[in-house]
Each structure stands twice: as structure tokens, then as C-alpha cells.
Amino acid sequence: MTRHYDDDELSDYALAPSLDPGREAIEQHVAACAACRTRLQIAQELEEAFRDDEVWGAVDLLLTRPQRLEAARAEYARIEREDAEAEALLSPLLKSPLRFRGAEIDTDSRFHTGAVVRNLCLAAHARHEKQPQFSLVITNAACRIALQLPKGGTERRAVLALAVRERANAFRYLGRFAEGLKSLDDAEKLFDQSPGTDPFDLAIVSYIRATIYLKSGRAAEGLPLAKEAAEVFREYGDRSRELAAVMAEAVCLTYTGHPNEAAETFERVALIARATEQPEILARALQNAGEAYLAASNHEQATPRLIEALALFDNLALATERTRSVWKLASARAAEGALHEAAEQLDRVRAELAELGLTNDAALATLEWAEVMLALGESSGVAERCAAIAVDFETEGMLRNARIALAYLQEALRAGDATPDVVRHVRAYLTEIPNRPAAAFVRPA
Amino acid sequence: MPRPQTRLQQFIDQLGLKAKDITDEAYRISMAEGVESISRQHFLRLRQGSASATAERIYIIVAAVQSLTGMLIRATDLFVLQPATPGHVSLPWEGPDGLSGHGLPVSSRHRSSGSWKGIVTEDSHPADAQAFEALYTEYGVLLRSIAMRRYNVPPDDAEALVHDIFTAYLQRRKYVRELKPWLIGAIGNASKDYLRRRRREEPLLPEHDEIADQGAEEHAERWIVNMTAATVIARLGEKCRETLRSYYFREESKESIAHRLATSPAYVLQLLVSCRRRVRALYDSMRSDR
């Protein structure tokens, strides 16, 4: 092979190949040398670009101050100033719910700005998880202030939309789903001012709605919304929101009895989480994918996901999730037919879960252990363990239903009628109670 | 010391893909699309991290992996993409990166839309008025170009749409997480809405199609090259820029330029060479993930 050519030589050649005295040699070399071929291609691109009126038009645009730059700068300065003022006014009040309530900011005209509403929405958003009651109080104030902003301007409607949507979020965290859905209906109507950004804002509405449906036993209705939201977030390049929406989609699939599709969707979540280096989400996605594969009786796929999840949870020092991974690995061993090993693991997991205070998980793990023991034909100690099972549900109705199911199991164990299928039936019922709180226990046929 | 595993290596290991399958698929796609493929040796070097990839190579690899797995992946899933020239707002380039979750479309019709998003390798919110102004000026050109070239929005209206997008952004800046892809998504939807409204107001000509113009799509790769080149040229000093413009675009002779600059043709030649080198260096830094 001949020597490589430098960029100057390649540029000269690209300028006028027919006039280059070394044309033949260059062409021969470039035909055999991928690196020079790539560099020549770049030289040719630039030669063409230097002569292209579109390029010089764009250069001039870049060098010219845009017509509306002054207006944009003024808007930037206004919003910066108002945001800073709003923050200064609100930050002392947001330190305690009492102080915030006492200030009655919606009756004080100093607080009647779009920036205050935006700031309140942010403050509420940050408190949904830990102080949901306070976040509702904040969003209520935001809505009242937004309604008092001057009519006719676009800002009033835009910030009202944000406030109403955030209020729906607060209701969601409080489990007041009907009110949350009503607020979302209102927010949906208000996002109609900015065609470029409305789809994005509406996707957030859809996502919140999907999660409410998920939590209220309406996963089938949540599924298309979560999918839709994921699509839009993708269109706007918002990977973290996309991730959340795909996760919601996967959970909807799980709840609607599509474990294979759910597993595939969790795999998508894992892929995005891996690419964006979010180890906790990756671990949860792998764990969920593992569980979905187990539900689809595909334990071969489940095991590697659960092992990786376990390692990640270990690294993240998330003890409860780590124990859940061990639990699901034990389930996978049982599915593989390694019943003795599975029984030993489940017995350990049961104790660990109880120690961690995860009462319902401990109950379910105990039932799974009982199922495996009965499958092994070893019923000694099973009735005693099952009699000691405790459950803890949010409502009296759920608790009563759970106790009815457990009493039925006790009766079957005492009568010697309990089989692995009977235990599995009770376990499946208890697992589903949070998703279908009103469903009564039905004895197996 | 062993070289750390590349992202590409980790990805294909995780999926159990074979290099041969990927390069075969890349070859098939490159034939269909009329772009250059990638040799197996080059692919192996990229996998090991002993070579760097051009945007075209990234495109073809991501397309092949997506085609083989059916997964929605982005260039950043496989490659570490660097920001463009530090200290500047990043402007167009990059082939397939960041299809923002659309995954890399295999068809060329979608390719350019992916490329538009793919230019976004740095994505911070403007920290002050100056940064906002830079974003508005430089990124605004890209957004206007998308509206004009992809959706055939007239220039004045495109500028108004871009301005509205920036205003809407300012209202939402606390919850927009990935700014530049968000702006691109927003201008796309604003342009579509514009076309819908225009259609209601008056019959549209065939070129005013809500769907991205097919012809524009076909020329999108060229357009990206041009936008990158324009950004680079705009960053040059005035003397360099105007000398390049005179020589290449206005086709003035070296002698004529020398006369105007009151210098010698040899100096003009030297100036052209050094300016071209500068362009080349800036262009390279924006173009590939070195």
C-alpha cells in the first residue's frame, strides 16, 4: 500500500480531482484504504458545503441577531426576575405546613403571579411522596392563585393547567383517585394554548392517569395511556419520563395477565436504564422481568434476571429488594423442580421478610414454602406455620377477605385436604387483594 | 492494564449477538440505503475500543443491531457520544444518535428525523441570559430549519413558531429534563399544528404536507452536513470566513481576493489552507465521537 494522504492533499484533490497531478495514485490508495476514504469523504462534504448557498445562508442567519431576540431576552429576564421573587416569598413559608396555611397567600396580592404558581407546583411535586397532605394544600393554593391572575393573558391558562395537573398528582398520592381523575379531566382541557408543547404536557396527564388506573384495578384502561405517553416522551427525547411510562405499561401488562408481554416490556425498561446508567431502575426492571417470566412459566429466562437484580440490590444496599430477589430465585428453583433447595431458601426468606417488617410478603413466602412442602409430601409443621401467618391490609374489608381465605386454608390443613393447588389458590388470592380489593374469596372448585 | 469494556461490547454480550451477524446485517442495510457498510475488522476494533466511529458507522451499526433484535435502541446505547465543541451550544450533526427512543429506524425516511435528534449530545439548561441568548440564536437556526425544510413552513412563520417554542420553554424550564430533544419535539408538533391550521384557512399546495416532505427527507443527510458546516464557518474569525466565502462561494480568484485585501495571492493561498484546516478540525470535533 502507498503512503496515507494528509487532509490538505485530500482537500486539494476534492477541490478539482481532474486537475490533481497525483489523481491516479490517490484514487488507488483511497480504494484500498478505509481511513483515507472516510477522510476524503469529509473533505468532499466540506468542498461542497463551501459552495452551497444554503450553507452561507445559514452562516448569515447564525451571524444575524434573530428578529425576536430582544423579545426573547426580555421574556427570559422577566421570568428569571419573577421566579427569584416568588422563591424569596415562598421559601420561608414552605418550611412548615402550619406556616404556609397561616400565610393565606391566595388572599395576598403579592403572591398573585404566574411565577408563584409555577413555584408552588414545583414545591408540591417535591413533597408528594413524603408530605402528600401538604402537597395537596400547596396545589390548592396554586389553583386559587392561578384563577385570580388577569384574564385574557395566556399565562393564566397555562399556569392553571400546571396547577390543576399537580393537584391531580397530589390526589393520586393520597389515594383519592376519583378526585385525581376529575382534576386530570380539567387539566386536559386547559392544555390547549401551545401546540408545540401541549402534546408533551398532555402526555404527563396521560401518564398520571395511567398510574391512577393501575392503582385502582383498571390496568386495562391504563395500558393504552401508558403506551401513548411513552411514545410522546420519546418524541420529545425525555428518556427518564419515557422510562417511567414504559414501566407503567409493563405493570399494566402484568396486571392484565400478559406476563410474556410484560417481561418483554420490562426488558425494554432495563435496556433504557442500562443505557442511561440508572442502576436502581435497572435492578427493579430486571426483578420485575424475572417475576413476569416466572408468571409465564419461563424460569430459564427468569433466573439470570433475578441474579443480576440481586447483585445490583446488594450494591445499592437495598435490603428489602435484595430479599425479594432471593425469594423469587427460590420460586425459580421450585419451578425448576429443585423442591428441597427451594423449601430451604423459602424458609430463610420467610424469616428475613418478617424481620424486615414486610408482613404480607412474609405471609406470601410462607404460603409458597407450604406449597413446596406439600409438593414434597412433607406436611409436618406446615399447619403450624400457616396458623401463624399475619397479614396487614389498608382496609377492614381487605383484611376480612384475607382472613377468610387463610381460615379456609387452616380448615383444609386440619382436615388433611390441603394440596399444593389449594395453597396456591389462597396465595394467588392474597397476592391479588391490593389490585382487586372488593373481590371476595372463592373456594377452589 | 486491560482496556475497559466498551458500551458496544457490553451491549452485544448482553444480547448474545455475534459480530458476523451484525456486520452481515449492516451490509444488507447499507446496500438497501446506498451507504457505506462496515467491515468485520473495523467493527471488531470498534467493539474493542481501539478505533473510533464516524456518524455513518454508528448509524449503520445501530440500524443493524435494531434490525437483528427488534429493540428500540439509540446510538448512546452503544457508543459514548461526546458533546460538540466545548463552550458552544451544540449544533447539528451526528447521524443516528438519540432517536430519542424511536430506536434507529431502518428506513431512510425516518433516518433524518433521527439524525436531527441525534445532534443533541449536550443538553444543559442555559445558566444565564448570555447562555439563553446563545441557545436562542444558534439552536433557533436549527429549529427554524426544521420547520422550514421539513414542514415547508415559510421563513417568517418559522421564526414565529421558534420564538413561541422558546417562550413556552421558559414557562416550563423547571420540568423540561432534556432540553434540546424537547425543543426539537416541540418544533415538530408546532409545525404540524401550523400546517393543520393553514389547511383549514386556505387550500394548501402539495409541498405543504403535514407529513415530513419526502424530498426533504431524502436530502436530510446533506442538510445536516450543511448545518454543521455552517455552524463551524460561523465560528471562524471574519477574515477566514469571508476569504472562504469569496473563494469558494463567489468564485473569486486568489488574485482578486489578494488585491482587495492588499496582500499577495500566495498569502491568500496560505490563508485558505489554514482556514480550511481550522474548519476541518472544528468539523471533525462536531462530527464524530472521538
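**Nonpolar cores and helix packing**

Within the largest nonpolar core, which has 190 residues, the members touching the most others are A:A142, A:V269, B:I165 and B:I187. A nonpolar core is here a set of buried Ala, Val, Leu, Ile, Met, Phe, Trp, Tyr and Cys residues joined through C-beta atoms within 7 Å. A residue is buried if 20 or more other C-beta atoms lie within 10 Å of its own, exposed if 12 or fewer, and partly exposed in between, with C-beta atoms placed from the backbone. Helix 13 (residues 239-255) of chain A supplies the largest share of this core, 11 residues. Another core, of 22 residues, lies apart from it and includes B:I38, B:A53, B:Y59 and B:I61.

The model is predicted; local features need pLDDT of at least 70 and side-chain atom pairs count only at pLDDT 80 or more, while totals for chains, interfaces and linings use all residues. Residues are numbered from 1 along each chain as its sequence is written, and chains are lettered from A and ligands numbered from 1 in the order in which they are written.

With neighbours within four places in sequence left aside, B:I187 is in contact (C-beta atoms, placed from the backbone, within 7 Å) with A:G196, B:L143, B:I146, B:A147, B:L161, B:V162 and B:I165.

Chain A has 22 helices and 0 strands, taken as DSSP runs numbered from the N terminus (helices H or I, at least four residues; strands E, at least two). Of its 445 residues, 47% are buried.

The axes of helix 14 (residues 259-275) and helix 15 (residues 279-295) of chain A come within 8 Å and cross at roughly 165°. Axes are lines fitted to C-alpha atoms, for helices over the stretch in contact, and angles run from 0 to 180 degrees between N-to-C directions. Helix 14 of chain A is therefore roughly antiparallel to helix 15 of chain A (angles over 145 degrees; under 35 is roughly parallel, 65 to 115 roughly perpendicular and the rest oblique). Residues making the contact include A:F266 and A:V269 of helix 14 and A:L282 and A:L286 of helix 15. By class, this contact has 15 nonpolar, 1 polar and 2 charged residues (nonpolar: Ala, Val, Leu, Ile, Met, Phe, Trp, Tyr, Cys and Pro; charged: Asp, Glu, Lys and Arg; polar: the others, Gly among them).

Helix 19 (residues 359-375) and helix 22 (residues 420-432) of chain A pack at about 165°, with axes 8 Å apart, and are therefore roughly antiparallel to each other. Among the residues in contact are A:L364 and A:L367 of helix 19 and A:V423 and A:V426 of helix 22. This contact comprises 10 nonpolar, 1 polar and 4 charged residues.

Notes
Two residues are in contact if their C-beta atoms, placed from the backbone, lie within 7 Å.
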